Amino acid sequence: MEIGITSFVDTKPDIHTGELISHAQRLREVVEEIVLADQVGLDVFGVGEHHREDYAASSPAMVLAAAAAQTKNIRLTSAVTVLSSADPVRVFQDFATLDGLSNGRAEIMAGRGSFIESFPLFGYDLNDYGELFEEHLELLLKIRSSEKVTWKGGHRPAINNLGVYPRPVQDSLPVWVGSGGNQDSAIRAGLLGLPLMLAIIGGSPMHFEPLVQLYKKAAAHAGHDESNLKVGSHSIGFVAENTELAADTFFPSTQYGMNKLGKERGWAHYDRSSFDAARSFDGALYVGDPETVAQKIIHLRKNVGVTRFMMYVPLSTMPHDQVMRAIELLGTEVAPRVREEICKWEAEMENAI
């Protein structure tokens with residue numbers, strides 16, 4: 001069971017002071033967060049690609065490369081790379097470079113993206129949203145499997161027996177498929193035998209269990225070994241010394257972030273009752289003291305089949321020291337508890353068989 005952090009490198013105004021943090025400062029802070037995550041034993045850190053004023057990381061590979069030189073063990077991934085509007089050749093080159101700098105710790109999490117700013121920015125038509133992703137993923141996987149590439153598609157110039165360099169340290173650079181819960185995405189990941197990362201940010205996480213089974217069924221149909229499949233959860237959360245402190249600290253920025261996005265997407269107003277319901281044991285918010293958060297992650301592993309948990313923190317701008325403390329607690333107290341319990345549970349399951 002892998003435990004890690006996801007960050008979108010948020011730069012919304014501080015809800016208490018109104019201060020707007022600069023992109024440069026926030027980028028430096030997230031590198032510090034990645035270094036700390038490595039020091040406290042977390043398994044993976046993901047940086048999400050966005051092209052908006054309120055997020056600083058338009059180039060996750062650059063951010064992760066800055067952290068690669070200062071870390072030793074933690075895996076470094078995008079979360080996600082908006083592959084529909086990106087050139088797969090350049091994506092592979094960027095992450096192969098990151099893989100070399102980190103000595104084999106890079107990953108790509110490919111997704112369609114839930115924001116659309118990158119499409120007009122890079123000259124893509126939103127009407128080709130789905131087709132672009134399928135085509136670009138096909139090319140990315142072809143580049144991964146072969147140093148010399150011959151390929152032809154409908155939205156990008158053809159490649160005729162050209163090499164793509166550098167090559168990664170890893171024999172096969174890991175490529176995950178990110179999904180917000182779309183069945184077609186889960187089936188595609190399964191048929192390709194790729195790891196699946198689910199954005200479980202609302203409702204009950206247990207509702208994703210049928211989607212995981214569909215993913216595994218598709219993988220089995222394509223002849224992939226189910227024991228090699230990986231399923232991840234990208235879930236909003238925060239850890240503090242006690243649950244009341246965690247909730248009171250995390251709510252204001254979460255409410256601000258939810259309502260800002262909600263205005264764009266027509267969501268209902270997000271208030272404290274919505275927040276408290278979501279942080280209940282069956283809810284999608286992983287907010288509380290280390291034991292509370294650990295038990296919710298364990299429950300997710302046992303009942304949904306998740307093998308990697310990524311805590312998305314913060315949802316909106318929070319003081320850097322609060323984020324650092326949450327990362328420290330996740331690594332030193334939550335992750336060991338989860339790993340110990342899951343190890344025992346898997347041993348019991350194996351003995352029962």
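Contact, as the word is used here, means heavy atoms within 4.5 Å. The structure is a predicted model, in which local features need pLDDT of at least 70 and side-chain atom pairs count only at pLDDT 80 or more, whereas totals for chains, interfaces and linings use all residues. Residues are numbered from 1 along each chain as its sequence is written, and side-chain values use heavy atoms, with hydrogens and water left out.

The chain holds eleven helices and twelve strands, where helices (H or I, at least four residues) and strands (E, at least two) are DSSP runs numbered from the N terminus. Its C-alpha trace spans about 60 × 55 × 40 Å along the principal axes. The radius of gyration, taken over C-alpha atoms, can be set against a globule rule of 2.2 Å times the number of residues to the power 0.38; for 353 residues a compact globule would have a value near 20 Å, and the chain agrees with this because its own value is 20 Å. Of the 353 residues, 54% are buried, a class defined by under 20% relative accessible area, while exposed means over 50% and partly exposed lies in between (1.4 Å probe, protein chains only). Among contacts between residues at least 6 apart in sequence, 71% join residues at least 24 apart.

The accessible surface of the chain comes to about 15300 Å², with 51% of this area belonging to carbon and sulfur atoms; such areas come from the Shrake-Rupley method with a 1.4 Å probe, and for residues only the protein chains shown count as cover.

Helix α6 (residues 183-192) has Ser-185, Ala-186, Arg-188, Ala-189 and Gly-190 among its buried residues. Just after α6, Gly-193 takes a positive phi of about 70 degrees.

The loop between α3 (88-101) and β5 (106-111) contains Asn-103 as well as Ser-102. Ser-102 counts as buried because its relative accessibility is 4%, whereas Asn-103, at 61%, counts as exposed. A polar atom of the Ser-102 side chain lies 2.8 Å from the backbone oxygen of Leu-98, and the side chain of Ser-102 also reaches the backbone oxygen of Asp-99 at 3.4 Å. When residues up to four places away in sequence are not counted, Ser-102 touches Ala-68 and Leu-76. Asn-103 has a positive phi, near 60 degrees, in a residue other than glycine.

A positive phi of about 55 degrees is likewise found in Asn-161, which is not a glycine. Asn-161 is placed in strand β7 and, at 48% relative accessibility, counts as partly exposed. The peptide bond from Tyr-165 to Pro-166 is cis, with omega near 0 degrees, and Pro-166 lies in the loop between β7 (159-163) and β8. Another cis peptide bond joins Val-313 and Pro-314, with omega about -5 degrees; Pro-314 belongs to the loop between β12 (308-312) and α11 (320-352).

Note on methods: Polar contact = N/O pair within 3.5 Å; in protein donor to acceptor, adjacent residues only side chain to side chain.
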